[in-house]
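Please read the notes below with the structure open beside them. They are meant for someone who has not looked at this model before.

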Amino acid sequence: WVGGEPVERAVSEYVWEQSTGVYQENTSVEGLNRRIMRNLRYNNTDADCHWISQSEFVTHCDNILNFDNLRSDFQILMEHYGRPEITLEPKPASGSVHGIAI
């Protein structure tokens with residue numbers, strides 16, 4: 001299981017909802033905050049459960065990879081399974097997600 005950064009998940013889902021018309025609101029930081037608060041308040045399971053805390057999905061895991069250390073954690077996991085040649089490519093650093101500064 002790989003835990004994702006919650007702000008990036010929320011922004012990504014919000015932008016997708018706006019672009020597809022699933023949730024109509026002025027695209028803004030305030031709109032994002034309203035959407036997040038609404039879903040936290042109601043523990044919303046719509047949108048393929050994108051708004052539910054990732055910890056709700058974990059029932060049994062032998063290996064947990066921390067998203068902040070994903071490359072090194074993944075490498076350790078691959079070495080454990082005898083596949084050290086499998087690696088992750090680095091992701092370019094960015095100060096925004098879908099054009100919204102985080």
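The numbered points below go from the model as a whole to its helices, and then to its salt bridges.

1. Basis of the model. This is a predicted model, in which local features need pLDDT of at least 70 and side-chain atom pairs count only at pLDDT 80 or more, while totals for chains, interfaces and linings use all residues. Residues are numbered from 1 along each chain as its sequence is written, and side-chain values use heavy atoms, with hydrogens and water left out.

2. Confidence. The predictor's confidence in each residue is given as pLDDT, on a scale from 0 to 100. The mean pLDDT of the protein is 75, and 69% of its residues reach 70 or more. Confidence is highest in α3, at 91, and lowest in strand β2 (residues 100-101), at a mean of 52. Where pLDDT is low, the predicted coordinates should not be read in detail.

3. Overall make-up. The secondary structure comes to three helices and two strands, in the order α-α-α-β-β along the sequence. Helices (H or I, at least four residues) and strands (E, at least two) are DSSP runs, numbered from the N terminus. Of the 102 residues, 25% count as buried. Here buried means under 20% relative accessible area, exposed means over 50%, and partly exposed lies in between (1.4 Å probe, protein chains only).

4. Surface and contacts. The accessible surface comes to about 7,300 Å², of which 54% belongs to carbon and sulfur atoms. These areas come from the Shrake-Rupley method with a 1.4 Å probe; for residues, only the protein chains shown count as cover. Among contacts (heavy atoms within 4.5 Å) between residues at least 6 apart in sequence, 45% join residues at least 24 apart.

5. Helix α1. This helix covers residues 6-20, 15 residues in all, and its first and last C-alpha atoms are 21 Å apart, close to the 21 Å expected at 1.5 Å a residue. The expected span is 1.5 Å times one less than the number of residues. Buried in α1 are Ala10, Val11, Glu13, Tyr14, Glu17 and Gln18. Viewed down the axis of α1, these buried residues fall within an arc of 165°, so they line one face of the helix. The arc is taken over the directions from the helix axis to the C-beta atoms.

6. Helix α2. The 14 residues of α2 should span 20 Å at 1.5 Å a residue, and the end C-alpha atoms are 20 Å apart, which agrees. Its buried residues are Gly31, Leu32, Arg35 and Asn39. They fall within an arc of 100° when seen down the axis of α2, so they line one face of the helix. The buried residues of α2 pack against α1. The face turned away from that buried side carries the exposed residues Leu40 and Arg41. Leucine 40 counts as exposed at 58% relative accessibility, and its C-alpha atom is separated by 8.1 Å from that of isoleucine 52, twelve residues apart along the chain.

7. Helix α3. In α3 (residues 70-80), the buried residues are Phe74, Gln75, Leu77 and Met78. Seen down the axis of α3, they fall within an arc of 160°, so they too line one face of the helix. Ile76 and His80, on the other side of α3, are exposed. Just after α3, glycine 82 takes a positive phi of about 75°.

8. Side chains of opposite charge can pair when their charged atoms come close. The structure holds two salt bridges, each defined by a side-chain nitrogen of Lys or Arg within 4 Å of a carboxyl oxygen of Asp or Glu. One joins glutamate 17 and arginine 35, at 2.8 Å from N to O. This pair links distant parts of the chain, with glutamate 17 in α1 and arginine 35 in α2 (residues 29-42), 18 residues apart. Glutamate 17 is buried at a relative accessible area of 0%, and arginine 35 is buried at 2%.

9. Arginine 83 pairs with glutamate 85, and their closest N and O atoms are 2.6 Å apart. Arginine 83 is partly exposed, at a relative accessible area of 41%, whereas glutamate 85 counts as exposed at 51%.
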